[in-house]
Amino acid sequence: MAGRMVVGSAALADLVRPASAPDQVGGHRVLPVAPELTGLLPNRGLRRGSTIAVAAGQPQRSGGTSLMLALLAEASRAGSWCAVVGVPTFGAGAAAELGIALDRLALVPNPGPEWATVVAALIDGVDVVVTTVPATVSASVATRLAARARQRGSVLVPYGRWDGADVTLQVVRGVWEGLGQGRGRLRRREVTVSARGRGAAARPKEIKVWLPGDELTRVIPRTVSSTVGRPATPLALVGRG
């Protein structure tokens, strides 16, 4: 199954009602993320009611889509409902490989001019709502959606520029693995992910992770110095075993 394709307000209402039904993770205030990502988040997971933005970054070093999928995987595997809005090229196969449960995944590839209405409706009944950010979205609409997520206990994950997020994650560097001397296949990518935010997340952090992940690889996240002109604190990568 390639996820539930949602078209029209009636289909959206039908989805939100079953997604709102109590489940084994519904009462948890923090939804799980992959162990490699816990050091980036102040609650070591996706706190209900929070807004966790994923910056798109520059195309030549972009790994934002893989990072977004990695954020969903553990919560989905644990039983949470997720939705992805405004990503017509979303790869269901890649999502399934990361552990995202496609039978609890709603896809709205092209929300059109009713983007804000669609996102608001999904926030009412879905645990984690990922959405691309339209270039025309106003600050007032963004503020209302973030407030709605806080009220409803959903996790809002904007993909793109989003001012005022509790935490903003961004892939800042990346190196592919898999190519040999002019031959081979791209298999995975070692990326450096930065985290900046407010409150408990005000202190910048960076970690290195593999995307797609490798459960045998772990990282030791260390705080990034905020002093201008100072090199970032090196990150230790723990070996396999």
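1. The chain contains five helices and 14 strands. The model under review is predicted. Of the 241 residues in the chain, 46% are buried.

2. As to overall contacts and surface, residues 24 or more positions apart supply 62% of the contacts in the chain with a separation of 6 or more. The chain has an accessible surface of about 12300 Å², and carbon and sulfur atoms account for 52% of that area.

3. Helix H2 covers residues 64-77. At 1.5 Å a residue, its 14 residues should span 20 Å, and this agrees with the 20 Å between its end C-alpha atoms. Just after H2, Gly 79 adopts a positive phi of about 120 degrees.

4. H2 is largely enclosed by the rest of the structure, because 10 of its 14 residues are buried. Among the buried residues of H2 are Leu 67, Met 68, Leu 71 and Leu 72, together with Gly 64 and Ser 76.

5. The largest nonpolar core comprises 41 residues. Leu 37, Leu 46, Leu 71, Leu 169 and Val 193 have the most contacts inside this core. H2 gives the most to the core, contributing eight residues. Nonpolar side chains tend to be buried together in soluble globular proteins.

6. Which residues does Leu 37 touch, not counting those up to four places away in sequence? Leu 37 touches Leu 67, Ala 70 and Leu 71, as well as Ile 207 and Val 209. Of these, Leu 67, Ala 70 and Leu 71 are buried residues of H2.

7. A second, separate core has 22 residues, including Val 118, Ile 123, Ala 149 and Trp 162.

Terms used
Residues are numbered from 1 along each chain as its sequence is written. This is a predicted model: local features need pLDDT of at least 70, side-chain atom pairs count only at pLDDT 80 or more; totals for chains, interfaces and linings use all residues. Side-chain values use heavy atoms; hydrogens and water are left out. Helices (H or I, at least four residues) and strands (E, at least two) are DSSP runs, numbered from the N terminus. Buried means under 20% relative accessible area, exposed over 50%, partly exposed in between (1.4 Å probe, protein chains only). Contact means heavy atoms within 4.5 Å. Accessible areas come from the Shrake-Rupley method with a 1.4 Å probe; for residues, only the protein chains shown count as cover. The expected span of a helix is 1.5 Å times one less than its number of residues. A nonpolar core is a set of buried Ala, Val, Leu, Ile, Met, Phe, Trp, Tyr and Cys residues joined through side-chain atoms within 4.5 Å.
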